[in-house]
Amino acid sequence: MKVKYGCLLVAVCLPIAVCTSCVRGTQGEGEGTTETTVTQNQFTSVPPGSSAAAPTTKESTTIQQSTSNQLRAATTTAPHSTEGTTTQQLSQTVPPATTVTQAAAKMPQTKAEIVQYYNEAANRVKREKPGFRWTETTYIGEIKLGNALMNSLVKPIVNLFDQEPRAQSPVPKGADHSLFPVKGQNYASKMEVSDVKDAQCVEKNGSYEITLRFKDEERDALPENPAEETRHGRFMNVTSAQENKVETAKFEKFLVFEEYKPNYRNCEIKCSIAIDSARLRSVTFRFCTDAEVRANAKGIAFGAQMRYTSTQKFILG
C-alpha cells in the first residue's frame with residue numbers, strides 16, 4: 001500500500017472526529033463546537049555521526065632511459081623520434097593528468113567541498129541518464145492528540161499501513177529521469193552550504209561515502225512550489241499543497257483540513273560516489289516532517305501533531 005500525506009491525514013483524522021463526536025454527545029445537549037487542542041511536542045533530534053580522516057595518496061613513475069638527453073626530454077615533453085637518437089626506447093612514460101585522477105587524488109573534506117562534490121555528481125544523473133532502480137519506505141511515527149482515549153484509537157490505525165520498503169518501477173538508461181529527485185526538475189541538486197548542518201565524507205571500497213544532514217525548516221503551510229519556496233525542495237522531494245489537496249479532495253464532504261504546518265526536521269542524504277569516475281553509485285533521501293494539523297469534521301474541530309518520514313533509495317546504473 002502506497003502511503004501519501006493526504007491518505008494518512010484522512011485515515012487518522014476521521015476516527016478522531018468520530019470519537020470526539022461521541023465524547024461530545026455524552027456531555028449533554030446544547031453544547032457548541034468541541035475543540036481539542038494539543039501542546040507543542042518536542043521530538044528528539046538524531047545526533048550527528050562521527051567524522052573520518054582523509055586518506056592521502058602517493059604516485060611514483062619510473063622512467064628507464066639510456067641517455068641524459070632522453071631524460072630531459074621525457075620530463076618536459078612527450079617523447080618523440082629524432083635523427084641520431086639511440087635505438088633504446090623508454091619503457092614507461094608519464095601519463096597526462098586528467099580531471100578524474102585529480103578528483104581521486106583529493107577527498108572532499110570541508111563542508112563546502114562536500115556540498116560541491118555532491119552537487120556535481122547528483123546533477124550528472126539528470127544529464128547522463130544512467131538508469132536506476134528505487135524503493136520507497138513510509139514511516140508513520142508519533143502522533144499526539146488531546147486525550148488518552150483519542151491516542152488509543154490512533155495506534156491501531158497507524159499499524160494498518162504498510163511501512164516496509166516498496167519497490168518502484170525501474171527507469172532504464174537513457175529514459176526520462178524526471179522521477180529522480182528533484183522530481184519534475186532538470187537538476188538534482190541546488191544545495192547550498194548554508195542549508196547543511198553537518199557533512200561527512202569517508203573513503204570505502206573505491207567510493208566516497210557522504211552523509212549530509214540539513215538544518216530544520218519550519219513553514220506555516222505546505223508549499224505550492226517546493227523547489228522554489230523551500231530550502232529542502234532544492235535537493236530532495238517535498239510534498240506540495242496541490243499534491244496534498246488532490247489526495248484529500250475525495251473526503252472533503254466529511255473532513256476539511258483547516259491548517260497544516262510542516263516542520264522539516266532531521267532530514268538527510270546518504271550517498272556513495274565512485275572515486276574513479278565521480279559518478280553516483282547509490283543515494284538515499286530521508287525526508288522527515290513533524291506537522292501540526294487542525295481539521296474540522298461536520299463542525300467538530302480538533303488538532304493533532306504527527307510525524308511522517310519518507311525514505312527513497314536509488315541504485316544507479
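Reader: Among contacts in the protein chain between residues at least 6 apart in sequence, what share joins residues at least 24 apart?

Author: The share is 74%. A contact here means heavy atoms within 4.5 Å. The model is predicted: local features need pLDDT of at least 70, side-chain atom pairs count only at pLDDT 80 or more, and totals for chains, interfaces and linings use all residues. Residues are numbered from 1 along each chain as its sequence is written, and side-chain values use heavy atoms, with hydrogens and water left out.

Reader: How many helices and strands does the protein chain have?

Author: Seven helices and 10 strands.

Reader: How much of the protein chain is buried?

Author: Of its 317 residues, 42% count as buried. Buried means under 20% relative accessible area, exposed means over 50%, and partly exposed lies in between, with a 1.4 Å probe and protein chains only. The chain exposes about 17500 Å². Carbon and sulfur atoms supply 51% of that area. Accessible areas come from the Shrake-Rupley method with a 1.4 Å probe; for residues, only the protein chains shown count as cover.

Reader: Which residues touch the most other members of the largest nonpolar core?

Author: General idea first. In soluble globular proteins, nonpolar side chains tend to be buried together. A nonpolar core is a set of buried Ala, Val, Leu, Ile, Met, Phe, Trp, Tyr and Cys residues joined through side-chain atoms within 4.5 Å. Here the largest has 38 residues, and L212, L280 and V283 touch the most other members. Several elements each supply at least two residues, including α4 (111–128), β2 (132–144), β9 (280–297) and β10 (300–316). Helix α4 gives the most, with seven residues.

Reader: What is L280 in contact with, leaving aside its neighbours within four places in sequence?

Author: Its partners are A121, A122, V125, F180, C271, S272, I273 and L316.

Reader: How is β10 placed, mostly covered or mostly open?

Author: Mostly covered: 14 of its 17 residues are buried. Now its partners. Two strands pair if DSSP finds at least two bridges between them. β2 and β10 run antiparallel over 11 bridges. There, I140 stands opposite Y308 in β10. β9 and β10 are also antiparallel, joined by 16 bridges. D290 faces R307 in β10.

Reader: Which residue in the hairpin of β9 and β10 takes a positive phi?

Author: K298, with phi near 55°. The hairpin has two residues between the strands.

Reader: How many salt bridges does the structure hold?

Author: Side chains of opposite charge can pair when their charged atoms come close. The cut-off: a side-chain nitrogen of Lys or Arg within 4 Å of a carboxyl oxygen of Asp or Glu. The structure holds 12 such bridges. In one of them, E243 meets K183, with the closest N and O atoms 2.9 Å apart. E243 lies in helix α7 (residues 241–248) and K183 in the loop between β3 (166–167) and β4, so the pair ties together parts that are 60 residues apart in sequence. E243 is partly exposed at 29%. K183 is partly exposed at 36%.

Reader: Which parts of the chain do R219 and E229 link?

Author: Their side chains form a salt bridge at 3.5 Å, N to O. R219 sits in the loop between β6 (217–218) and α6 (226–229), and E229 in helix α6, 10 residues apart. E229 is partly exposed, at 37% relative accessibility.

Reader: Which residues do salt bridges that share partners join into one network?

Author: Start with E268 and K270, whose closest N and O atoms are 4.0 Å apart. E268 is buried at 12%. K270 is partly exposed at 40%. Shared partners join D198, R213, E268 and K270 into one network.

Methods
Helices (H or I, at least four residues) and strands (E, at least two) are DSSP runs, numbered from the N terminus.
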